[in-house]
Amino acid sequence: MKTLKDILYGVGLSAVSGSTSIMVNQICFDSRKVGKDDVFVAIKGLIADGHQFIEKAIASGAKSIVCEELPVKLDSGITYVEVDNGNKALAIMASNYYDNPSKNLRLVGVTGTNGKTTVSSLLYQLFKKAGYKVGLISTIKIMVDNKEYATTHTTPDALTINKHLQLMNDEGVEYCFMEVSSHGIHQKRTEGLVFEGAIFTNLSHDHLDYHKTFAEYRDTKKKLFDQLSKKAFALTNIDDKNGLVMLQNTNARKYTYALKSYANYRAQILENQFNGQLLKIDDNEVWSKLIGDFNAYNMLAIYATADLLGLEKLEILRLLSELENVDGRFQHYISKKRITAIVDYAHTPDALKNVLDTINTLRTGNENVITVVGCGGDRDKSKRPVMGHIATALSNKVIFTSDNPRSESPTVIIEEMEAGVEPQNANKTLSIVNRKQAIKTACQLAVAHDIILVAGKGHETYQETNGVREDFDDYKIVKELLANLNK
C-alpha cells in the first residue's frame, strides 16, 4: 500500500478536502471494482460519467475520490481531490502506484494509421531473436518476455499499461515496444510514461467519428512526439506528407526513413513475390518474408529502430530475414487447387488500397481477385463509400458483408459502402450479410490461381453484433472452406 500523497505526486491539484496521508489499497476508475481503502478516479467517458458513481464507490469502501468536479455534499472521513483532467490524473497516479516502471525500460512507442501492430510485434520478435528479454503492448496481445496476456484495446487503460510494465520490471525485461493509438493519446493513457523513442508509420483516413477532423487526428498523433525528452529519438516516415509534421516542436533527436525521399534510413525494393521480397537497405541486400511496399516501410522502420537502440547493423539485417509475418497481416494460404486466400486487417481505405495494390502488382493478370470486405459498426461512417470504391476499382469481384456491425444494421452499413461504387463497377458486386456465407461464396467463385482477399478483421477471432461476440476467425474459416472444396 502507498499513501495517497505519494500516488498523487506530479498530478496538478485544484483543490483538496481531507488528508492525503491516508493509505491507499488500489486505484479504480470502475465503481463496480472498488474495494476497501481504494481511491476512485471519476472519469468523464464517452458513454458514462464516473462522477455519477462517486457515492457508489464510497459505499463500496473507497476512502478517497479524485474527480474533476467536487460533489456538492462531501462525506466526512473521505478525502476528495479535484483535478483538471481525470484521465491525465489517472495515468500519472497509475505510474506512481506501480513505481514508475517505464523508467526502468527502454520503451518505444509506435503510432500511425497502419503498420503499428506489424512494427511493434516484429520489433519484439527481432529483439527476442537477438537474445534480449522483451515486452510488447499491442492490439493483438501483451507479452511480458515469454508470457502472454490478453488485451482488448490497441492502447490499454493506464492502470493496465503500468501493471504490465511493472511485471516486465520484475522479469528483467530491457526493451518494450508499444502501440500508441490516437484514442490512447487523446485520453491521456500514456501520460507519465518515459519513452526512449517514438516511431511514426503513416497517416490516412480513420477514426474521424472520434476526432471529427483529419487535422485533429494528425495533431493528436503528434502529441506523442511533442512529449519526448532530449534523450529520446523521434523516427518518422517522410514519404508520408505528415511525416515531418511529427518532428515539429519535438525535443527528441530527429531521424527519418523513406523509400522515395532522401532520408537517414533508405530502402529499395529489388524483387517482390508472394513468398517475400528482396530489399536493399544501407547498400546491403536482405530477403524479407513480408511482401508489399507497405511492409518494405515497416521493415525499414524496424531496421532504423534497432540501429538507434544500438544493435549492430549486419546483425539487424540477418534478423530481419528471419522475421515471420504477424497474424492477420497479409496472412496467406494456398489450397491444393492453387487458389490463394489472403487474410488482412485492412479496415481503412489506405490499408485496403495498399493490400490490393500489392496483390495486383504480384498477379499475372490472368487470375481473378475476389475481395470480401465490410466496415465496422459504430465507427467512422465517412470511410464506408471510400472502401466500397477502392474494393471494386481494384478487384474483379467484390462481396460486401458484415464486419463487427455492433449496434448498427449490417444491411445499412453495406448500402453505405455500395454508395461509393462507380456505375461501371456495379456488376462486380454482391452483398451477403452473413460473413461466413460471403467467404464461402468467394471460395465457390474462385478457380485455380484466383486470389481471395478477406479484409477487415485480420487477427480478430470474433464477430460482434449487438453487444454479443461470437467466435469467428477469417483465416480458419477460409482455410477450412477451401480444404473442403478440394474434397
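The dialogue below takes up the domains, one interface and the salt bridges in turn.

Tutor: This is a predicted model, in which local features need pLDDT of at least 70 and side-chain atom pairs count only at pLDDT 80 or more, while totals for chains, interfaces and linings use all residues. Residues are numbered from 1 along each chain as its sequence is written, and side-chain values use heavy atoms, with hydrogens and water left out.

Student: Into which domains is the protein chain divided?

Tutor: Domain bounds come from an automatic or database domain assignment. Here the chain comprises domain 1 (2-97), domain 2 (100-322) and domain 3 (331-485).

Student: How is the area buried between domain 2 and domain 3 to be read?

Tutor: The size of an interface is often given as the accessible area lost when the parts come together. Buried area is that loss, found with a 1.4 Å probe and summed over both parts. Between domain 2 and domain 3 the value is about 1,500 Å², with carbon and sulfur atoms giving 65%. On the domain 2 side, α7 (208-211), β16 (265-273) and α9 (293-308) are the elements that give two or more residues. Contact (heavy atoms within 4.5 Å) joins 17 residues of domain 2 to 19 residues of domain 3.

Student: How many salt bridges does the rule find across this interface, and how many in the whole structure?

Tutor: Side chains of opposite charge can pair when their charged atoms come close. The rule asks for a side-chain nitrogen of Lys or Arg within 4 Å of a carboxyl oxygen of Asp or Glu. Zero are found between domain 2 and domain 3, whereas the whole structure has 22. One of the salt bridges pairs Glu322 with Lys129, with the closest N and O atoms 3.9 Å apart. Glu322 lies in the loop between α10 (313-320) and β19 (331-334), and Lys129 in helix α4 (residues 116-129), 193 residues apart.

How values were computed
Buried area = accessible area lost by both parts, 1.4 Å probe. Helix = DSSP H or I, 4+ residues; strand = E, 2+ residues; numbered from the N terminus.
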